[in-house]
Amino acid sequence: MKTKLSYLLLLSFINIFFIQSQDLEIGSPVNLTECFQFPIEGFDLTLNDGNALNVLSPNTFSVYYFDNQADSNNNSIFNAISTPTNYSNGSFALAQVWVNVVENVNESNFGNSTFLLISIDVPVANNPGLTSLLGNFYVNDCDAGDTFDLTQLNANVIGSQSGNFNITYFESLTDANNNQNEIVNPESFPINPQNGSVQKFSLVVRIEFDDANLCFDITEFELNTYQQQEDDVEIIDLQVCSGSSGQVFVDLDDALVINNLDLPLIPGFTEFTIIDNAGNDISFSNFENQVVLNSYNPLTVEVSYVVGLSVLGSSFDNCTLTEIFIVFPSYTPQVQDITDIIACSAENEEAIFDLTKNNALAIGDQTGNFTISYHFTLADANAGTNSGLDPTAFPLNDFEQFLFLRIENTDGTECFSVGFFFLQDADHLIAFQPENTDFCFGIDEDNLTIDLTIFDSDVKGSQDDIDLLVAYFQEDVRIDTPSAFTINNANTTITAILSLENFISCFGEVSFDVSLNSIPVISNLLDLEVCTDFDFSTTFDLSLNIPEAVGNQVVDFGVFFFNLLEEAENNENSLQEQGIDIENYLVDSLVETIFVRIQNENSESCFSTSSFDLNSFSSEANDLENITECLDSETGIALFDLSDIPNFVTSSSENLAQLSVNVFTASDELVDIDVLYEATSSETLQIEVTNTANPTCVEFTSVFLEVPNPNDENCTLGITTEEGLGLEVYPNPFANTLNISFQQPIQQVNIYNIQGKIISKISGNSLEFLDVSNLSSGVYLIQFSSSELSVT
């Protein structure tokens with residue numbers, strides 16, 4: 001890193017003033033001193049702008065610099081220095097510059113002065129390190145002791161420069177720039193091995209001439225050191241074993257035991273050189289760490305591994321170490337064959353086995369020195385431990401025993417293989433009770449042919465791996481064809497005899513019953529229907545389908561109900577099992593499917609399943625409020641709008657879509673609710689609400705039509721002047737717009753044709769006019785409604 005230090009020095013004793021005009025007095029510029037490494041580097045002359053202006057305003061006066069006195073005295077502005085912020089005369093020699101302060105509006109009014117440019121040569125701090133791929137500099141020491149001599153780097157820092165220099169080292173840029181806290185003994189820079197095998201130090205070197213420390217240069221570098229510790233990497237000899245093919249697969253990396261996990265070994269830079277027993281280099285080109293050997297001669301291997309100090313992937317930036325180890329290949333014997341050993345002991349005596357019967361089988365045609373041992377557990381066999389038993393006379397205290405055989409290379413005990421075999425005292429053969437001996441047959445069938453050999457595995461139990469025979473008998477008569485045995489009775493007793501193929505006299509015996517059970521048939525199921533409200537408060541009696549399912553079958557059957565077919569088939573989570581009252585079963589949807597399982601009480605594996613639907617048909621009829629209309633003063637008739645009755649008798653429009661609503665008079669005449677209903681006096685209309693999918697599901701309600709006495713104060717609204725309640729409608733007749741004036745806010749307007757059929761409904765908060773431009777010519781009845789009154 002290059003550092004340039006600039007100083008502005010006041011050397012008043014050599015300042016020279018040339019005053020061209022006595023009308024303008026300017027300030028005194030100072031001499032400029034700069035430290036330069038190259039003569040082309042420039043001065044910033046404008047540092048003297050403020051000194052020259054002194055008390056003059058920079059808004060009124062301008063400052064110009066000249067490289068000769070004549071142009072300055074003549075105020076030749078066009079010859080002024082063009083780049084005063086970076087001025088250089090191209091040499092380190094002392095230079096003189098003139099400065100003019102000129103009034104902007106009157107260039108003849110100016111003053112001038114002069115000052116010196118002093119250049120000081122600066123030494124270059126050449127970096128003592130190498131350049132890394134990342135662009136930084138480093139110094140490596142692969143055999144570091146407790147200290148490192150930094151002064152050996154001085155010559156690299158100086159390079160080809162001549163002169164007397166002062167070189168110092170620091171641990172930070174700030175200290176180097178300020179020349180403080182320098183490393184006191186650079187020839188013995190401390191490296192503490194307790195801080196790790198690999199250490200990195202960020203250092204700064206500063207160079208200056210020994211006759212002046214005003215100008216200097218600094219540069220940064222890294223000092224990377226490696227102090228090899230005994231426990232960093234351990235190189236061990238390899239005892240390797242052949243595979244089943246006889247070839248030896250060697251992973252040479254196994255010889256490097258990395259104890260220091262913080263050691264930055266560079267992957268991919270570890271190299272192995274293989275030397276055979278004749279001293280020949282048998283390494284391969286493009287050699288990899290995985291090696292295949294076809295002989296069992298020891299090999300010498302030279303390993304080179306790289307400790308990374310600065311840049312991973314660049315070997316010359318790091319430390320390479322070389323060591324030697326030996327590879328000892330050995331043949332791994334295989335267990336070529338092994339057999340189970342069976343004995344039939346006398347009653348109440350232990351069976352004695354000769355395990356060495358398996359020795360020759362295990363070795364087979366393999367040649368070499370082998371050791372065979374026997375173990376109780378696989379872990380002991382793999383470890384080669386706990387083999388202290390007499391293989392020629394092994395007593396069996398139980399009716400069966402697993403043993404493990406280990407065969408190993410006597411010259412390389414790490415090379416071994418393991419096999420296992422089974423010991424059995426045939427006198428202890430046990431015939432186990434079979435499971436699932438129930439069979440199902442059709443209710444119209446008289447017999448069933450079954451395969452008794454399906455019970456072989458149950459009878460053998462865990463002894464199934466040995467050569468065992470199972471024979472079946474009925475009433476002491478051997479069944480010749482057990483795979484096609486016909487059963488005629490509900491329960492038949494079968495005896496199974498378990499014996500060894502080569503020891504028929506040693507056997508076990510068990511008897512069991514084979515049961516026949518009929519498969520019930522679901523005779524019939526009824527889909528159940530109920531009428532309910534939209535809250536589904538009505539229940540179903542599922543038990544109605546129990547006699548339907550059983551029909552005229554006389555065997556004891558159980559009937560169970562389920563929500564899912566899978567549960568019915570697996571006999572899991574029945575409604576009865578959940579404690580649900582099947583005689584009062586509550587639903588939450590219009591249609592629900594119930595699954596039925598009917599099974600033989602003697603065997604739940606004999607069953608049938610089917611299903612039926614629960615259909616709910618909803619209807620509802622809410623109570624309605626009275627409707628009040630006044631008699632027309634001229635006709636003596638009150639007109640009622642009944643078109644909204646369907647919306648009020650049901651809770652929602654979704655419910656209404658499933659219903660049919662009809663209105664009847666007291667004399668059971670059907671009322672057309674889309675036409676204004678005429679009444680001369682109060683009366684009650686009956687309302688019938690029917691489910692369209694099931695007309696038997698009907699609800700009833702009624703509505704009272706109230707016709708007040710004509711003298712009732714609420715009926716004066718028929719007057720169209722302010723003498724009544726102030727309803728005015730104009731103009732009449734009308735064309736496009738109808739104006740409304742009423743003492744209460746109009747919220748609903750219904751327009752009827754002369755036949756009384758509603759043709760338009762208009763709603764709002766306070767209607768004052770109606771757009772009726774869409775009506776054709778004719779006579780219309782208009783009903784106006786506020787929150788309290790209705791007037792036609």
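Rings of Phe, Tyr and Trp (its six-membered ring) are taken as a pair if their centres lie within 6.5 Å. In this predicted model, a search of the whole structure finds 16 such aromatic pairs. One of them joins tyrosine 65 and phenylalanine 115, with ring centres 6.1 Å apart. Their planes stand at 85 degrees, so the pair is edge-to-face; the cut-off for that class is over 60. Tyrosine 65 belongs to strand S3 (residues 61-66). Phenylalanine 115 belongs to strand S5 (residues 110-121). The pair therefore ties together parts that are 50 residues apart in sequence. Both tyrosine 65 and phenylalanine 115 are buried.

A second pair is formed by phenylalanine 404 and phenylalanine 420. Here the ring centres are 6.3 Å apart. The planes meet at 50 degrees, so this pair is tilted. Phenylalanine 404 lies in strand S25 (residues 400-409), and phenylalanine 420 in strand S26 (residues 412-425). The two residues are 16 apart, and the pair links distant parts of the chain. Phenylalanine 404 has a relative accessibility of 15% and counts as buried, because the cut-off is under 20%. Ring pairs also build a cluster, made of Phe402, Phe404, Phe420 and Phe422.

Charged side chains also sit over rings. Arginine 206 lies over the face of phenylalanine 216, at 3.6 Å from the ring centre. Arginine 597 places its charged end over the ring of phenylalanine 607. In that case the distance to the centre is 3.7 Å.

In soluble globular proteins, nonpolar side chains tend to be buried together. The largest nonpolar core in this model has 25 residues. Val250, Leu252, Phe325 and Val327 have the most contacts inside it. Strand S19 gives the largest share, five residues.

Strands of a sheet pair through backbone hydrogen bonds, either parallel or antiparallel. Strand S48 (residues 737-741) is joined to S51 by three bridges. Threonine 737 has aspartate 771 of S51 as its bridge partner.

Two further residues differ in accessibility. Threonine 696 is exposed, with a relative accessible area of 62%, whereas glutamate 629 is buried, at 6%. Threonine 696 is placed in strand S46 (residues 694-706). Its side chain makes a polar contact of 2.5 Å with the side chain of asparagine 694. Threonine 696 and phenylalanine 617 are 79 residues apart in sequence, with C-alpha atoms 9.3 Å apart in space. Glutamate 629 is found in the loop between strand S40 (627-628) and strand S41 (638-640). From glutamate 629 to serine 681 the separation is 52 residues in sequence and 9.8 Å in space, C-alpha to C-alpha.

Terms used:
Residues numbered from 1 in each chain as written. Predicted model: local features only at pLDDT ≥ 70, side-chain atom pairs only at ≥ 80, totals over all residues. Heavy atoms only, no water. Helix = DSSP H or I, 4+ residues; strand = E, 2+ residues; numbered from the N terminus. Buried < 20%, exposed > 50% of the residue type's maximum accessible area, 1.4 Å probe, protein only. Polar contact = N/O pair within 3.5 Å; in protein donor to acceptor, adjacent residues only side chain to side chain. Phe/Tyr/Trp six-rings, centres within 6.5 Å; stacked < 30°, edge-to-face > 60°. Lys NZ or Arg CZ within 6 Å of the ring centre and 35° of its normal. Pairing = 2+ DSSP bridges. Core = buried A, V, L, I, M, F, W, Y, C linked by side-chain atoms within 4.5 Å.
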